[in-house]
Protein chains: 2
Amino acid sequence: MAASAGPEIERLISLLAKLPGMGPRSARRAALALLKRRDQLLVPLAASLAETAEKVSNCSVCAAPDTRNPCAICADTSRDNALICVVEEAGALWAMERSGAFRGKYHVLGGLLSALDGVGPEQIRVGELIGRAKAGEAKEVVLALPATVDGQTTAHYLAEKLAGAGVEVTSLARGVPVGGELDWLDDGTIIQALRARRPA
Amino acid sequence: MAASAGPEIERLISLLAKLPGMGPRSARRAALALLKRRDQLLVPLAASLAETAEKVSNCSVCAAPDTRNPCAICADTSRDNALICVVEEAGALWAMERSGAFRGKYHVLGGLLSALDGVGPEQIRVGELIGRAKAGEAKEVVLALPATVDGQTTAHYLAEKLAGAGVEVTSLARGVPVGGELDWLDDGTIIQALRARRPA
């Protein structure tokens with residue numbers, strides 16, 4: 001880093017470099033863009049971050065970040081309380097919402113079980129999920145966890161834990177993604193898509 | 001974008017997406033990372049941006065962003081006033097400073113002449129450069145502009161404009177970069193490196 005940029009700019013660059021997808025070089029470019037577009041970008045972004053830090057917190061029911069508590073989804077009475085969709089992070093929740101296909105409620109785990117990273121059930125919101133499942137309103141828990149080792153470990157663990165809670169536990173289907181060319185798909189996906197084949 | 005993320009988070013995502021190298025998807029990931037690491041990242045970044053917006057301005061001599069005016073480099077009496085290095089943006093200035101090879105002063109143009117983008121000499125700090133060159137202290141103006149069409153157009157224009165200012169005008173050498181394999185170099189670089197060959 002350039003000593004000449006001054007401690008304030010150096011600090012900004014090192015913070016920007018911590019964002020996912022950013023490194024020291026791209027953070028420098030971002031800092032430059034911010035300095036160059038002070039009124040269109042630097043000032044609004046500072047205000048937006050401050051507002052987010054002040055107003056946004058995690059919903060006490062589902063843990064999704066929102067300005068309201070309970071969040072807009074948990075407070076939405078038109079949505080189905082009988083369905084709880086379990087996601088790793090809010091990003092997955094947003095993806096589900098973009099699809100428009102789910103009209104139930106959510107539960108954000110805040111991570112996945114991981115032996116490698118030392119994440120146990122206490123570090124993610126498993127207890128809260130069991131509590132919601134046992135509370136009575138929920139009839140089905142849809143596990144929308146990533147198709148990775150940690151995602152599947154977590155799914156198995158949750159299915160086991162939820163066995164006695166009186167809810168049906170389901171998972172998102174595996175198969176060929178829309179637009180997916182068989183040529184480019186991995187063996188695992190093809191095997192699962194073949195096993196789960198349906199009448200055309 | 002997900003409607004459910006709330007207007008504050010949506011606004012943050014759309015601002016982050018304007019940073020160079022960021023798109024809508026990576027901006028969402030960045031927003032998530034910020035929300036997840038509130039105390040380590042969100043709050044410090046908001047504060048850093050606010051501090052930068054408040055304290056950092058462009059030096060009235062060379063236009064480099066700094067908390068001081070004149071900037072630390074312009075105010076440094078140990079640096080050679082006889083040398084002025086002309087750069088497009090502060091990023092290039094920082095790169096020059098990291099090299100540690102230049103001990104003169106700088107002049108940040110704030111852009112390059114571009115017929116395509118409609119950038120003329122009035123939009124960049126050409127007049128200020130001529131003024132500094134004519135002021136008497138400067139003996140050499142080093143053009144450290146990018147080896148692009150716009151960079152070279154700007155260099156030619158500046159060389160012409162500075163012809164009557166009583167300063168020597170030089171450019172960074174062209175050639176094979178350190179670590180550069182000839183296999184991967186473009187023809188233009190090889191031609192220029194060959195033309196400028198020196199005794200080994």
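Chain A and chain B bury about 4800 Å² between them, 69% of it on carbon and sulfur atoms; buried area is the accessible area (1.4 Å probe) that two parts lose on being put together, summed over both. The structure is a predicted model, in which local features need pLDDT of at least 70 and side-chain atom pairs count only at pLDDT 80 or more, while totals for chains, interfaces and linings use all residues. Residues are numbered from 1 along each chain as its sequence is written, chains are lettered from A and ligands numbered from 1 in the order in which they are written, and side-chain values use heavy atoms, with hydrogens and water left out.

At the interface, 56 residues of chain B are in contact (heavy atoms within 4.5 Å) with 56 residues of chain A. On the chain B side, Glu8(B), Leu49(B) and Trp94(B) lose the most area to chain A, and together they account for 15% of what that side buries.

Helices (H or I, at least four residues) and strands (E, at least two) are DSSP runs, numbered from the N terminus. In chain B, helix 2 (residues 24-36) packs against helix 3 (residues 38-55) at an angle of about 110 degrees, with the axes 6 Å apart. The axes are lines fitted to C-alpha atoms, for helices over the stretch in contact, and angles run from 0 to 180 degrees between N-to-C directions. Helix 2 and helix 3 of chain B are therefore roughly perpendicular to each other; angles under 35 degrees count as roughly parallel, over 145 as roughly antiparallel, 65 to 115 as roughly perpendicular and the rest as oblique. Helix 2 of chain B contributes Ala33(B), Leu34(B), Leu35(B) and Lys36(B) to the contact, and helix 3 of chain B contributes Arg38(B), Leu41(B), Leu42(B) and Leu45(B). Six of these residues are nonpolar, none is polar and two are charged. Here Ala, Val, Leu, Ile, Met, Phe, Trp, Tyr, Cys and Pro count as nonpolar, Asp, Glu, Lys and Arg as charged, and the others, Gly among them, as polar.

A pocket is, on a 1 Å grid over the protein atoms alone, an open set of points where a 1.4 Å probe fits, with protein on both sides within 12 Å along at least five of seven lines; lining residues have an atom within 4 Å of a point. The largest pocket has a volume of about 650 Å³, volume being the space filled by probe spheres set on the points, which are joined across faces, edges and corners. Of its 27 lining residues, Ala92(A), Ala95(A), Ala144(A), Leu145(A) and Pro146(A) are the closest to the centre. Helix 5 of chain A gives the largest share of this lining, seven residues. By class, the lining of the largest pocket has 13 nonpolar, six polar and eight charged residues.

The second largest pocket holds about 350 Å³ of space. Among the 16 residues that line the second largest pocket, those closest to its centre are Leu145(B), Ala147(B), Leu172(B), Ala173(B) and Arg174(B). Its largest share, three residues, comes from helix 8 of chain B. The lining of the second largest pocket has eight nonpolar, seven polar and one charged.

Backbone geometry was also examined. The peptide bond from Asn69(A) to Pro70(A) is cis, with omega near 0 degrees, and a cis peptide bond also joins Asn69(B) and Pro70(B).
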